[in-house]
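Hi,

Here is the structure I promised to pass on. Have a look at it first, and then read my notes below.

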Amino acid sequence: MRTFSDVKGLPIYEQTTGKAVGTIADIWFTGHGTVKGFVAERRGLFGRRRYLPLSAVQSLQNDRVIIRDAGSFQPFPSLDSGHSLFGERGIAGSMVVAADGTTIGLLDDVYFDGQLGKIDGYEISEGFFSDLTEGKKRMEAAPFTAKEGVVTVETMR
């Protein structure tokens, strides 16, 4: 299990050629905690962000991501199909509240299992000074909805 911050910026290599074809820019996941894939920054003259399904990832290592080939990149799924941390449907920095309205903190990162394709928890910030003195908090994963900068978790475990 690792945080997305550990993966962001890792180079992506083709297994067939060993060629670097991009870098990991974001993660794409559902409100029920299923990791669907990654947002990748493509290399090349017309480099742009593309969707990389988790099923296309052959190996997620500490220093690189291996995919079968560059044909694994796809157009983005519909925006209604998930969330990212930093992109158009990005929820990083959003206020996290419990279903009863209790404020938990700000969503800073997600913990995930790349082999199982699931979000295991959320990294919560309670503010700069609290993070310095006490560190960031880890919250168990729970289904959530996100609207207008607020992430509402359905249950607290």
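In which strand is Leu106 found? Leu106 belongs to strand 10, residues 103–113 (helices, H or I with at least four residues, and strands, E with at least two, are DSSP runs numbered from the N terminus).

Before the rest, some housekeeping: this is a predicted model, where local features need pLDDT of at least 70 and side-chain atom pairs count only at pLDDT 80 or more, while totals for chains, interfaces and linings use all residues. Residues are numbered from 1 along each chain as its sequence is written, and side-chain values use heavy atoms, with hydrogens and water left out.

Back to Leu106. Its relative accessibility is 34%, so Leu106 counts as partly exposed (buried is under 20% relative accessible area, exposed is over 50%, and partly exposed is in between, with a 1.4 Å probe and protein chains only). Together with Met95 and Val150, Leu106 makes a nonpolar surface patch of about 190 Å². For patches, residues need over 30% relative accessible area and no salt bridge; like charges are joined within 9 Å and nonpolar side chains (Val, Leu, Ile, Met, Phe, Trp, Tyr) within 5 Å. The areas come from the Shrake-Rupley method with a 1.4 Å probe, and for residues only the protein chains shown count as cover.

Now the charges. The whole structure has 7 salt bridges (a side-chain nitrogen of Lys or Arg within 4 Å of a carboxyl oxygen of Asp or Glu). Here are some of them:

- Glu41 and Arg49 meet at 2.9 Å, N to O. Glu41 is partly exposed at 31%, and so is Arg49 at 41%.
- Glu134 pairs with Lys137, with 3.1 Å between the closest N and O atoms. Glu134 is exposed at 55%, whereas Lys137 is partly exposed at 29%.
- Arg138 and Glu140 are joined at 2.8 Å, N to O. Arg138 comes out partly exposed at 36%, and Glu140 likewise at 38%. There is also a network: Glu126, Glu134 and Lys137 are joined by salt bridges that share partners.

Next, the rings. How many aromatic pairs are there? The count is 4 (rings of Phe, Tyr and Trp, the last by its six-membered ring, pair if their centres lie within 6.5 Å; planes under 30 degrees apart are stacked, over 60 edge-to-face, and the rest tilted). One of them is Tyr122 with Phe144, an edge-to-face pair with 6.2 Å from centre to centre and 85 degrees between the planes. This pair links distant parts of the chain, as Tyr122 is in strand 11 (residues 118–125) and Phe144 in strand 13 (residues 144–147), 22 residues apart. Both Tyr122 and Phe144 are buried. Ring pairs also bring in Phe29, which forms a cluster with Tyr122 and Phe144.

Two rings have a charge sitting over them (NZ of Lys or CZ of Arg within 6 Å of the ring centre and within 35 degrees of the ring normal). Lys8 has its charged end over the ring of Phe86, 4.0 Å from the centre. Arg64 does this with Tyr13, at 5.6 Å from the ring centre.

Is Thr3 buried or exposed? With 10% relative accessibility, Thr3 counts as buried. Leaving out residues up to four places away in sequence, Thr3 touches Asp109, Val110, Tyr111, Phe112 and Glu123 (contact means heavy atoms within 4.5 Å).

Cheers
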